[in-house]
Amino acid sequence: MINLRYENKLLYVYLITGSKHTSEDIVQEAFISCYKNVKNLRNPEHFKSWFFKMLTRIAWRYAKK
């Protein structure tokens, strides 16, 4: 279940991919990637934009397939 705070991100990814299941996978992949790389984030206050940028990159990578 996706946190309601990130539900609009799921909708954004859905608009890119056109698939609910793929969108859920992309959001999950982005969260895992953030978890693994959070130590590289210099300013924690930029987490939201950092996560959104990562999410967008992953979504477009999936869309190209």
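**Salt bridges**

I looked up Arg61 and found its side chain in a salt bridge with Glu29, 3.5 Å from N to O; a salt bridge here is a side-chain nitrogen of Lys or Arg within 4 Å of a carboxyl oxygen of Asp or Glu. Arg61 lies in helix H3 (residues 47-64) and Glu29 in helix H2, so the pair ties together parts 32 residues apart in sequence. Helices are DSSP runs of H or I, at least four residues, numbered from the N terminus.

I note that this is a predicted model, where local features need pLDDT of at least 70 and side-chain atom pairs count only at pLDDT 80 or more, while totals for chains, interfaces and linings use all residues. Residues are numbered from 1 along each chain as its sequence is written, and side-chain values use heavy atoms, with hydrogens and water left out.

I checked accessibility next (buried is under 20% relative accessible area, exposed over 50%, partly exposed in between; 1.4 Å probe, protein chains only). Arg61 is partly exposed at 42%, and Glu29 is partly exposed at 24%.

The structure holds two salt bridges. I found Glu24 in a salt bridge with Lys20, with 3.6 Å between the closest N and O atoms. Both residues lie in helix H2, four residues apart, about one turn of the helix. Glu24 is partly exposed at 28%, whereas Lys20 is exposed at 52%.

**Ser23**

I then turned to Ser23 in helix H2 (residues 20-37). Ser23 counts as buried because its relative accessibility is 1%.

Conventions: Helix = DSSP H or I, 4+ residues; strand = E, 2+ residues; numbered from the N terminus.
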